[in-house]
Each structure stands twice: as C-alpha cells, then as structure tokens.
Amino acid sequence: MKGLIQRVRHARVEVNGESVGAIDHGLLLLLGVEARDDRDSADKLLHKVLHYRVFGDEQGRMNLNVQQAGGGLLVVSQFTLVADTARGLRPSFSRGATPQQAEELYEYFVERARAQLTAVACGVFAADMQVSLLNDGPVTFLLEA
C-alpha cells in the first residue's frame, strides 16, 4: 500500500463540479492499493500517516504529526500511484489491486482514520475527481506499508 502525503494549507476534492471532501490545514493523502495489500497493510500505513512528523514545532522543526498539529486528513483513492513505471513509456498496472479489493481497503482505511482523527474527509472511490490544494512548503512524502 502506498500513500503520497502532502502537507497542505487547505485541500478539496470535487466530483462533477460538487465538493465532496475538504480540509483546512493538514494532510492530503493520495492512496494506492496493491494486489498484495490487506487490512494489516492499511493499518500500518494509517499509523505512518497519522504519526509522520511533518508539521513545524515552536522552533520550526518538523517534529509534530497531523494530530499534534490539529490538522485534518483528506483521503483520495489514486490507483495510478501503484503503477510500474520502470520500463517503457506506458505504465503497467499489474501490481494494482482489483477494484473490489481496492475499494474495500480504501473504505476500511477511511473508517479507521475517522476513528482516530476528528477531521477526515475523502473523495469518491473510482470517480473522476478534481483535487485542488495549497501545498505548504512544499512538503511531500511517499509512504509505503
């Protein structure tokens, strides 16, 4: 399971011109699910996302996680994140989970995130989404579980 986190001042996801999820400052997470992933993978990645220290403390050092910084989490499914791009000029999606497996793990991830963090928003699984954000820093990390 892969998660691309971006520290944001604000982020929003729209489907068909309607906002379906938004946060103020916090983390935007693009979430990719691979065929080998399971609930344990989701739990491990969620732990990393919620505890990864990317927010500044009083001295401006990245010592605070999203919970300590009082931020929100916007989770957006992103199957292209698990593409194999090592060869050629066209991505291969052979590592990706089936749509059913990916949706189940995406929903599980969001449910577990909501149990641990107050401000959690999400996109719509498999929808054509438009994501807008103001990246803070910019600060972006690829996390894997």
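User: Where is the place of S77?

Analyst: First, a heads-up: this is a predicted model, where local features need pLDDT of at least 70, side-chain atom pairs count only at pLDDT 80 or more, and totals for chains, interfaces and linings use all residues. Residues are numbered from 1 along each chain as its sequence is written, and side-chain values use heavy atoms, with hydrogens and water left out. Strands are DSSP runs of E with at least two residues, helices are runs of H or I with at least four, and both are numbered from the N terminus. On that basis, S77 sits in strand 6.

User: Does S77 count as buried or exposed?

Analyst: Buried means under 20% relative accessible area, exposed means over 50%, and partly exposed is in between (1.4 Å probe, protein chains only). S77 has 13% relative accessibility, so it counts as buried.

User: Which residues does S77 touch, not counting those up to four places away in sequence?

Analyst: Contact here means heavy atoms within 4.5 Å. Leaving out residues up to four places away in sequence, S77 touches L31, Y106, V124, F125, A126 and M129.

User: How many aromatic pairs does the structure hold?

Analyst: Rings of Phe, Tyr and Trp (its six-membered ring) pair if their centres lie within 6.5 Å; planes under 30 degrees apart are stacked, over 60 edge-to-face, and the rest tilted. By that rule, the number of aromatic pairs is three.

User: What kind of pair do F79 and F93 make?

Analyst: Both sit in the loop between strand 6 and helix 2, 14 residues apart. F79 is exposed at 58% relative accessibility, and F93 is partly exposed at 36%. Their ring centres are 5.2 Å apart with planes at 55°, so the pair is tilted.

User: And what about the rings of Y106 and F125?

Analyst: Y106 is in helix 2, while F125 is in the loop between strand 7 and strand 8, 19 residues apart. Y106 is buried at 2% relative accessibility, and F125 is partly exposed at 22%. The ring centres lie 5.7 Å apart and the planes are at 45°, so this pair is tilted.

User: How are helix 1 and helix 2 oriented to each other?

Analyst: Axes are lines fitted to C-alpha atoms, for helices over the stretch in contact, and angles run from 0 to 180 degrees between N-to-C directions. Helix 1 (residues 39-51) and helix 2 (residues 99-116) pack at about 40°, with axes 10 Å apart. Under 35 degrees is roughly parallel, over 145 roughly antiparallel, 65 to 115 roughly perpendicular, and the rest oblique. Helix 1 and helix 2 are therefore oblique.
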